[in-house]
Amino acid sequence: MERSKLICIRCNFEVDKNSDFCPRCGKLFIENVKCENHSHIDATGVCVICRVPFCSNDGNEVNNVFLCIDHDGYEIYQGMARVFGTSDEVQIQYVKNYLE
């Protein structure tokens, strides 16, 4: 029986064997993927937020997760990104309603 999953060597997450990258850590599984911003440079990883490949000039690992420079300030907790935080109840309700 052929396996339909593989294990990411960076984070041990189980991914589909046809995946080009790990959705949990951004590790690329294929070669010759070019950076979104520098088409002559190989990508180092895929941002786990926007799912776009970037080189080390435009992205880096933050807590073992590859993020682009636009998202490297996001806090990542157990595979989830914190994109907004406030203690203002009105803002909380507004964002909650918007997301729902």
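Glu61 is partly exposed, because its relative accessible area is 41%; the class lies between buried (under 20% relative accessible area) and exposed (over 50%), with a 1.4 Å probe and protein chains only. The model is predicted: local features need pLDDT of at least 70 and side-chain atom pairs count only at pLDDT 80 or more, while totals for chains, interfaces and linings use all residues. Residues are numbered from 1 along each chain as its sequence is written, and side-chain values use heavy atoms, with hydrogens and water left out.

Glu61 forms a salt bridge with Arg10, a term that requires a side-chain nitrogen of Lys or Arg within 4 Å of a carboxyl oxygen of Asp or Glu. This pair links distant parts of the chain, 51 residues apart: Arg10 is in the loop between β1 (5–7) and β2 (14–16), and Glu61 is in strand β5. Strands (E, at least two residues) and helices (H or I, at least four) are DSSP runs numbered from the N terminus. Arg10 counts as partly exposed because its relative accessibility is 32%.

A search of the whole structure finds two salt bridges.

| Salt bridge | Closest N and O atoms |
|---|---|
| Arg10 with Glu61 | 3.5 Å |
| Asp42 with Lys34 | 2.7 Å |

In the Asp42 pair, Asp42 is partly exposed at a relative accessible area of 40%, and Lys34 is partly exposed at 36% relative accessibility.

Asp58 lies in the loop between β4 (53–54) and β5 (59–62). Asp58 is buried but has no salt bridge, and the nearest side chain of opposite charge, Lys34, is 13 Å away. For charge, Lys and Arg count as positive and Asp and Glu as negative; His and the chain ends are not counted. The Asp58 side chain does make a polar contact with the side chain of Asn37, at 3.4 Å. Such a contact is a pair of N or O atoms within 3.5 Å; within protein, one must be able to donate a hydrogen and the other to accept it, and residues adjacent in sequence count only if both atoms are side-chain atoms. Leaving aside residues up to four places away in sequence, Asp58 touches Cys35, Asn37, His38, Cys68 and Ile69, where contact means heavy atoms within 4.5 Å.

Of the 100 residues in the protein chain, 25% are buried.
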